[in-house]
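Let's take a walk through this structure together, one region at a time. Have the sequence and the 3D view open as you read.

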Amino acid sequence: MTRALVVTGAGGVGKTTISAALAVTAARSGLRTLVLTVDPAQRLSTALGIAIGNEPEPHPEEEGLWVAMLDATASWQEVVRRHTDPEVAERLIGNEFFEAATSHFPASQSFAAAEQAATYIDARAWDLVVIDTPPAAGGIDFFTAPAKMADLVGGRLLRWLTGARLPGRRFLFDRTAKPVLRLADQVLGSNLLERIAEFFMDLRTTYDGVAKRGRQIERHMKRATTVVVTTSDPAPMREAVRFFHALPEVASRPAAVFFNRSLPESWIDAKPPRGTDAALATNLIRWGVEAQKQRSARRELGERYRVAIVTVPWQRRPPTDLDSLAELIESADGLPRLW
Amino acid sequence: MSSRLVLVSGKGGVGKSAVAAAYALAARRRGERVLAIDMLDGGGLGAHLGEPDLAFQPRPIGEGLEASTIDRAEALIEYLRVQVGIPALATIGPAARAFDTLASTAPAIREVVTIGKVLWEVKRGVWDLVVADAAPTGQIGSYLRAARTVRELVASGRILDQVEWMEQILSDPDRTRLVLVTLPEELPVVETEETIAWVEAEQLVGSLSVVANRVLPPLDAEVPGRDGPVAEAAALHQSLWEEQQQWLGHLPVELALPYLFGTHTPAEVAERLADVLEESS
């Protein structure tokens, strides 16, 4: 069976790096491992050794490691093409509202990512699929995206325009029934509203496909192991905590919280020896204060949520190759069994 | 009176709300009358101003400073009433909510209402400075471009009359400045470069500046060759500093804000950054 490991967390904390590092470690422990990355920095792509494409590619130098990128930009087009007739799909994609309406909707990126991940889990070609998540809402979006997508294409807007039943097009614009339509006409011009409604009627044809696929994806994601990556800074901490409070029904409780860029606890009360250069002494003291902040954050989160805390040391340089990625996990403290 | 507008954007996690709050605080210290607006309802601006629960109606935060957030439904009602001239919307409250559903799905309408509220506060002329904690760089384009998008999509309708003055205020270099906050790290720097290129090509905003946040000070010493915490901390600091300097070199950074070591409340962070803004002006 293919196991899935979903790595969530706020943007900018090193989530993509940790995902890659976990995948390298798993591959080196003998598991056939696929890592799906989102928006890797140039150096990380280099570290992963290939020009990452949409399709999983075996790593040229690392036995048992495959890499693919979760492509966000083409995601909507793919969703539409996959779930409706070719003719309607092309009409939708060519529609003047398509880009504006879809770029509004961050859940679509997460949906496409989750759908792609589910496809690879179903393929049964790997022992482990490590999934880096798009940063929206600290990764929670990744789990709630299927329901949100179904809701959108299911025509929240259309139901409002037409009532609970979905009638034919000619009933759409019965202005006598809907004062708000008259209002909208005044503000926007009637033509715009009709064009938007037509767009959403087309979009609704994808509903059955999206909803069914969404339920399959949710089942996969519920079974996946999740971990949260954070730093001790307040903003990512808030996102990490949110994951415990607003844990979606479709996700399992995180198995660990990774504190990235951790400083040694030995710096906290370290006294610079007598005679230390003043600038160097100041430097140790300020980083000691930082180390103390980090320790409090780790303790607080670990005690409050009874979750395994993994401390990943702050590296002097970002990882540039597979060995330095593996080193990141080897040097980590408190790692529970994740696969 | 002619108000100025500072729109603060940046990649998620760079400290954009703290910097927006600092701009507001620094202006207040200069004796200006300031309105700070959180363009994302439930965003982080309030905490940095010491008033976590911001509302749609501006509320005073000490002398010379008021703050508000944008509740979309309320913004829409006000927009229709004040700007489009559709009165008595209270009596069709459910219709307003339904309209909001449309607005949240139809392209550019939601953005026009949100940025329209900010620009309306600028247009009213009762503030010296309006500071907006704006959408992150990933989405700022659709807000800046909203008025133009509406103009392209809508053939008639009263909304057309509104977008013209919006575009004028936005593109006036004497009034509007877009501040892009970045960290001296690869991904935020690359995203900032892309945003600058886009903004310059579209010519939608009057002026633009880049502010780097969490910049480390130089070590001011040689890294010692021995073991122990002094040397380890020095080596880490020196590596991180060099890395930061390299990324800063990619951008026209107008101002560097310091890395704040240790624990600070959001309000303390904003005050400290305001100190630096004040010194730099």
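A residue is called buried when its relative accessible area is under 20%, exposed when over 50%, and partly exposed in between, using a 1.4 Å probe and protein chains only. What you see is a predicted model, in which local features need pLDDT of at least 70 and side-chain atom pairs count only at pLDDT 80 or more, while totals for chains, interfaces and linings use all residues. Residues are numbered from 1 along each chain as its sequence is written, chains are lettered from A and ligands numbered from 1 in the order in which they are written, and side-chain values use heavy atoms, with hydrogens and water left out.

Let's begin with chain A. Of its 339 residues, 56% count as buried. A contact here means heavy atoms within 4.5 Å. Taking the contacts in chain A between residues at least 6 apart in sequence, 76% join residues at least 24 apart.

Now find two helices of chain A, α6 (residues 107-122) and α11 (residues 207-223). They pack at an angle of about 65°, and their axes are 10 Å apart. Each axis is a line fitted to C-alpha atoms, for helices over the stretch in contact, and angles run from 0 to 180 degrees between N-to-C directions. The angle makes α6(A) roughly perpendicular to α11(A), on a scale where 65 to 115 degrees is roughly perpendicular, under 35 roughly parallel, over 145 roughly antiparallel and the rest oblique. The crossing of α6(A) and α11(A) is left-handed, a term used if the near helix is turned anticlockwise from the far one by less than a right angle; clockwise would be right-handed. On the α6(A) side, the residues making the contact include A:Phe111, A:Ala114 and A:Ala118, and on the α11(A) side they include A:Val210, A:Gly214 and A:Ile217. By class, the contact of α6(A) with α11(A) has eight nonpolar, three polar and three charged residues. In that sorting, Ala, Val, Leu, Ile, Met, Phe, Trp, Tyr, Cys and Pro are nonpolar, Asp, Glu, Lys and Arg are charged, and the others, Gly among them, are polar.

Is A:Gly214 buried or exposed? With 4% relative accessibility, A:Gly214 counts as buried. This glycine sits in α11 of chain A, and beyond its neighbours within four places in sequence it is in contact with A:Phe111 and A:Pro146. Its C-alpha atom is separated by 8.3 Å from that of A:Ala145, 69 residues apart along the chain.

Further along α11 of chain A comes A:Lys222, which is partly exposed at a relative accessible area of 43%. Setting aside neighbours within four places in sequence, A:Lys222 is in contact with A:Glu249, A:Val250, A:Ala251 and A:Ser252. A:Lys222 and A:Ala4 are 218 residues apart in sequence, with 9.9 Å between their C-alpha atoms.

The loop between α6 and β5 (128-132) of chain A holds A:Arg124. A:Arg124 has a positive phi of about 55° although it is not a glycine, and it is exposed, at 65% relative accessibility.

Over in chain B, the axes of helix α5 (residues 109-124) and helix α6 (residues 137-144) come within 8 Å and cross at roughly 85°. These two helices of chain B are therefore roughly perpendicular to each other. Here B:Glu111, B:Thr114 and B:Ile115 in α5(B) meet B:Ser142, B:Tyr143 and B:Leu144 in α6(B). Also in α6 of chain B is B:Thr137, buried with a relative accessible area of 10%.

Finally, look at the nonpolar cores, sets of buried Ala, Val, Leu, Ile, Met, Phe, Trp, Tyr and Cys residues joined through side-chain atoms within 4.5 Å. The largest one has 106 residues, and those with the most contacts inside it include A:Met221, B:Met39 and B:Leu144. Apart from it lies another core, of 36 residues, among them B:Val6 and B:Leu45. In soluble globular proteins, nonpolar side chains tend to be buried together.

Technical notes. Helices (H or I, at least four residues) and strands (E, at least two) are DSSP runs, numbered from the N terminus.
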